[in-house]
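Here's a quick briefing to read with the model open beside you. Have a look at the fold before you go on.

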Amino acid sequence: MKALTYLGPGKKEVMEKPKPKIEKETDAIVKITKTTICGTDLHILSGDVPTVEEGRILGHEGVGIIEEVGSGVKNFKKGDRVLISCITSCGKCENCKKGLYAHCEDGGWILGHLIDGTQAEYVRIPHADNSLYPIPEGVDEEALVMLSDILPTGFEIGVLNGKVQPGQTVAIIGAGPVGMAALLTAQFYSPAEIIMVDLDDNRLEVAKKFGATQVVNSADGKAVEKIMELTGGKGVDVAMEAVGIPVTFDICQEIVKPGGYIANIGVHGKSVEFHIEKLWIRNITLTTGLVNTTSTPMLLKTVQSKKLKPEQLITHRFAFSDIMKAYEVFGNAAKEKALKVIISND
């Protein structure tokens, strides 16, 4: 089968790889119909995730059709259409029983990281019963690709960790796909203001259409001053970091008001300065996290009911044979006006 393979920092190639096989009775083999590229894949290619070995098939998002199941799989059968969670969870270990699927003792974020991922014609899914979701009849499968990772990530690690409440002022630093997912799902809780911050005017225009009440272009280095002006010098109740670089984390530290929350969503490859000397006295809460995907069933229902329309995030579509072009477009998002790309194996 053909698969997008990591060959070391900055290197990737579509290669012929063996079709995966059932290794444990709880495995399923899924024929990928649609997948996508995540900002985390770009972090891997930049060398920010050294645990990814050369030769690894990338990708942790997608939908597909069950090709084969192990004898221990009870919830799925050959031919079922499924949503693949970016997080693999056994459902039985101590962490899973706490809802910490991200830290499953025999799973977590392993697809495209510690085991081969979804940017291929087929993928092996361990603990299939707890790591796949049946696709309801009539639901847009492209929209569901957004539920593999970015929507639960923005919602759980941004909105829920940040404890967004009605009437609050929220700032989201980074208008990429995860920042946009946080913007869409923050509106479940009716904040009074959502300020979107980015370097890219096109993404800021899109953010307005998705519900941002104010936008700030941070290219001039004056984002903090602009946000403080918009908030009457008070700052924001919730500051979400959705980029993963020191400068955006710094913005969050500067704009959070006393008693507020900094919800870090971004994947950080470099250390940041945490200004405890300023923040210790301000009663702020800092949260970090890797998505657990415990919210996926709820998000699936909101998509099914059309209350949430994640297909809005899709800007480009490619055949799997053009996956290298898809990476080029996604890696030059500002120039290409790209948010999420869909890669089809249909």
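In what order do the six strands of the open sheet come? The order is β10-β9-β8-β11-β12-β13, and the pairing is parallel. Keep in mind that this is a predicted model, where local features need pLDDT of at least 70, side-chain atom pairs count only at pLDDT 80 or more, and totals for chains, interfaces and linings use all residues. Residues are numbered from 1 along each chain as its sequence is written, and side-chain values use heavy atoms, leaving out hydrogens and water.

**The open sheet**
- A quick word on terms: helices (H or I, at least four residues) and strands (E, at least two) are DSSP runs numbered from the N terminus, and two strands pair if DSSP finds at least two bridges between them.
- At the edges sit β10 (214-217) and β13 (285-287), each pairing on one side only.
- From one strand to the next, the twist averages 15°; axes are lines fitted to C-alpha atoms, for helices over the stretch in contact, and angles run from 0 to 180 degrees between N-to-C directions.
- Five bridges link β8 (residues 169-173) with β9 (residues 193-198) in the parallel sense, and Thr 169 has Glu 193 of β9 as its bridge partner.

**Helices on the sheet**
- Helix α6 (residues 177-186) packs on the sheet and touches β8, β9 and β11 (236-241), where contact means heavy atoms within 4.5 Å.
- The direction of α6 makes about 175° with that of β9.
- Helix α8 (residues 223-230) lies across β8, β9, β10 and β11, and runs at about 160° to β10.

**Antiparallel strands**
- Strands β3 (residues 28-35) and β4 (residues 62-69) run antiparallel and are joined by six bridges, with Ile 29 opposite Glu 68 in β4.
- β4 also runs antiparallel to β5 (residues 81-84), joined by four bridges, and here Gly 64 stands opposite Val 82.

**One exposed spot**
- Look for Ile 281 in the loop between α10 (276-279) and β13.
- Ile 281 is exposed, at a relative accessible area of 55%.

Notes: Buried means under 20% relative accessible area, exposed over 50%, partly exposed in between (1.4 Å probe, protein chains only).
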